[in-house]
Amino acid sequence: MMIRTYTAFADIPHDVRSQLSHPHEADFFRSLDWFELLFETSLKATHAPRIYVALAADGGVRCSLYCGVTTDSARTLVSLTNFYSLSYLPGFAQGERDPAALRELVQHIAAERPAWKALRLSTLIDEAPESGWLVEGLEASGFRTERFFQYENWYANVAGQTFEDYFAQRPSQLRNTVTRKQKKLEKTHRTEIRIARSDPAEAAAVVRDFIAVYESSWKQPEPFPDFIPTLAARCAALGILRLGALYVDGQAAAAQLWITAGRRTIIYKLAYDEKFGPLGVGSILSRELFRVAIDEDRVEEIDYGVGSDAYKKDWMTAVRHIRGIEAFNASTAAGFVLAAWARTKSAVKKWRGEAKPAGAPT
């Protein structure tokens with residue numbers, strides 16, 4: 001097996017690019033499409049990419065890991081992630097998870113010279129076996145690792161259900177409130193729900209309404225204005241966009257961006273105009289998008305992204321944990337100091353009884 005390192009997305013050959021892209025990589029958030037658009041819209045000013053790809057003798061991709069180096073942290077390798085990231089895991093050929101390929105890729109990183117003093121990987125799904133494989137590979141290569149808690153990830157397994165089945169299992173207060181508010185809204189106002197999927201013109205139009213709603217919501221303005229339009233356009237081109245907007249008397253009142261790839265849909269971003277909040281527009285739109293996901297797209301899992309918001313628990317049924325990994329190369333002077341610092345902090349937190357240790361600073 002050969003390991004290739006690319007320091008620019010443009011350097012990735014066409015045959016490798018196609019294997020790394022969706023739908024060859026079924027999980028959109030492990031695909032080249034996701035990392036490239038994330039880099040171009042929000043990381044380009046602060047990160048230099050280092051993309052590691054393990055290739056079989058016939059040129060087939062076995063494993064990939066998207067990393068980078070930040071402008072303020074020399075010889076620390078980081079995951080290509082930021083606050084837009086929901087998860088981060090290595091990619092595998094056609095979903096065939098191969099721990100041996102990942103182990104060899106990690107060994108390659110550990111053997112690079114000049115040596116990395118540390119690795120910092122964020123937003124890994126703790127329950128995914130790949131997270132354990134990364135830790136095992138790093139420790140086998142001489143790194144000392146620390147995991148730190150970041151978020152909860154609420155989700156629901158809906159395989160084999162109809163929307164009617166699913167909705168009947170939600171808390172009675174949620175069901176009654178959404179049903180009552182929808183009836184009242186439709187009786188007192190002219191309402192419409194639009195869902196953009198693959199048509200680029202429709203996606204662009206609904207994105208504009210999404211942004212207008214977002215800017216009228218309680219949420220902070222997007223720090224990178226090109227990110228959402230670029231994400232929506234890319235997902236529309238791939239046929240995985242589910243961008244919904246609810247209109248009240250012709251004005252966009254609520255909007256949600258869902259991404260449906262394979263048998264899974266992710267509720268990526270949502271907002272509602274605060275002046276329409278009492279009408280329950282957000283929950284009404286959610287109900288319709290849940291129906292589309294379950295009855296039309298026939299997904300097996302609905303993922304509510306990161307965060308422990310109380311409302312997510314009404315719609316979801318289970319929780320995963322998102323953690324980060326910090327790995328310190330004790331064979332370097334800087335890595336040795338960082339490892340000692342991390343162990344000290346971890347010991348202090350355990351002594352204090354803190355349940356969610358944070359990573360050591362670099």
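**View 1. Strand 11, helix 9 and strand 12 build a right-handed β-α-β unit.** Helix 9 covers residues 281-296; helices (H or I, at least four residues) and strands (E, at least two) are DSSP runs numbered from the N terminus. Right-handed means that, with the strands pointing away from the viewer, the path from the first strand over the helix to the second runs clockwise. Strand 11 and strand 12 (residues 301-306) run parallel and are joined by three bridges; two strands pair if DSSP finds at least two bridges between them. Here isoleucine 266 stands opposite aspartate 303.

This is a predicted model, where local features need pLDDT of at least 70 and side-chain atom pairs count only at pLDDT 80 or more, while totals for chains, interfaces and linings use all residues. Residues are numbered from 1 along each chain as its sequence is written, and side-chain values use heavy atoms, leaving out hydrogens and water.

View 2. Strand 10 (residues 251-261) runs antiparallel to strand 11, with eight bridges joining them. Look for isoleucine 259, whose bridge partner in strand 11 is isoleucine 266.

**View 3. Tryptophan 34 sits among its contacts.** Contact means heavy atoms within 4.5 Å. Not counting residues up to four places away in sequence, tryptophan 34 touches Phe28, Phe29, Tyr84, Ser85, Phe227, Leu231 and Tyr268.
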